[in-house]
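Hello,

Here is the structure for you to look over. My notes on the contacts follow below it.

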Amino acid sequence: MPAELIDHQGVGDEPVFSIPDADDSRGPEPGIALCLSGGGFRAMLFHVGTLWRLNEAGVLPRLNRISSVSGGSITSGALGLRWKELNFDGNGVARHFVERLVEPVRALARRTIDEGAIIGGMLLPGSIADRVVKAYDKYLFEGKTLRDIPEKPRFVINATNVQSGVLWRFSNPYMADYRVGRILGKTRTLPLAQAVAASSAFPPVLSPMEFSFKESDYEPKSGMDLQFEPYTTDVVLSDGGVYDNLGLETAWKRYKTVLVSDGGGNLEPEPDPKRNWVHHSYRILSLIDNQVRSLRKRQLIDSYESKDADRGRTGAYWGIRTKIAKYGLSDSLPCPLENTTDLANTPTRLKRVDDERQERLINWGYAVCDAAIRRHFDPKIAKPKGFPYPEVRV
């Protein structure tokens, strides 16, 4: 690492690196950011439940930023695309939430995306990533571009730049890597499906996602130390969760209140792990993700409890592995641990999820979000009447 960068990297007591960035260097400032983690279709559906509860509580239109990685970016991209169609009432509740967001995402979850993309990418012309883009575009994003998601609230879809080793961020006004530079005009034409596919390009099989740009696409002198070829022209991206598995960085640096929805799965012991390179690589990547996620989570919780003006944040964390009883609410929705553990063990895949498990995942995201925000974010929020899908519970 160049010597001039070392001073910017923080001291290891915060859940993100403190890096120089023209957009976020003013933070933390008043405002609310929501982070949506990775975790394939499992996380995508869990976050739908999160958004459902935040909508009922009138929190959605209060958000200043939605930062997402991987499976969370599928949900975030769908929310951003349909934001103007949600029709918020005077209490900040979207009247068309179910038909505009829930139903399209559930329709996608009824299809297996990764298997066909892998087989086609190995046997036919074109890459695996190209096939994931086509599936996202066909079933969810319908040819829309980054300019079709709002600028306010700011939706930030995060991928990992394999070359620079930091985040590549997609949003309405620009794409950016703080080391490589900022691209402005291309967001008018870059498909939203490509941004989401880059964010969810889980290695080793769905990664990488490659982009070609021109030097002239970049804002002059907007990159810190890598604004030259091939970093600028041949951009190689992977899953945003490789660098930031909670989607925290772009939220943390900017806003004082940070809400985190974590749909990361449960890493179980494996007495006889497979030795072939695909399964072994997947297991090792899962181990790394689990350890880094645990560290970020501990540091995040510490920051909520900190009295330090710069390190401290308000907000709430909830996860698919959370024990709901830990929030200490006597009126939280009933969520037996054995049932929620089963949901946390849903594979991290872009693979078809049956309707009952879809509804259970959504219910669980809804219930644990409710407990977290009523306990730590806003105790005045009214208790919900019940699960979105009361017949199945969790």
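R110 is partly exposed, with a relative accessible area of 36%. The model is predicted, so please read this value and those below as computed from it. R110 makes a salt bridge with D355, and the closest N and O atoms are 2.8 Å apart.

Salt bridges

The count for the structure is 18 salt bridges. Another one joins R296 and D244, with the closest N and O atoms 3.6 Å apart. This pair also links distant parts of the chain. R296 is in helix α9 (residues 277–305), D244 is in the loop between β8 and α8 (249–252), and the two are 52 residues apart. Both R296 and D244 are buried.

K380 pairs with D378, the closest N and O atoms being 3.5 Å apart. Are the two partners buried or exposed? K380 counts as exposed, because its relative accessibility is 74% and the cut-off is over 50%. D378 counts as buried, because its 16% falls under the 20% limit.

There is also a network of salt bridges. It links R53, E56, D331, D370 and R374.

Aromatic contacts

The whole structure holds 10 aromatic pairs. One of them is Y136 with F141. The ring centres are 6.4 Å apart and the planes stand at 85 degrees, so the pair is edge-to-face. Y136 is buried, at 0% relative accessible area. F141 is buried, with a relative accessible area of 0%.

W168, F170, F211 and F213 make up one aromatic cluster.

Two arginines lie over ring faces. R182 is over the face of Y174, at 4.2 Å from the ring centre. R313 is over the face of W252, at 4.2 Å from the ring centre.

Strand pairing

Strand β8 (residues 234–239) pairs with strand β3 (residues 154–161) in the antiparallel sense, over three bridges. In that pairing, A159 stands opposite D239. β8 also pairs with strand β7 (residues 209–212), again antiparallel, over four bridges. There, E210 stands opposite V236.

Best wishes

How values were computed. Residues numbered from 1 in each chain as written. Predicted model: local features only at pLDDT ≥ 70, side-chain atom pairs only at ≥ 80, totals over all residues. Heavy atoms only, no water. Phe/Tyr/Trp six-rings, centres within 6.5 Å; stacked < 30°, edge-to-face > 60°. Buried < 20%, exposed > 50% of the residue type's maximum accessible area, 1.4 Å probe, protein only. Lys NZ or Arg CZ within 6 Å of the ring centre and 35° of its normal. Pairing = 2+ DSSP bridges. Salt bridge = Lys/Arg side-chain N within 4 Å of Asp/Glu carboxyl O.
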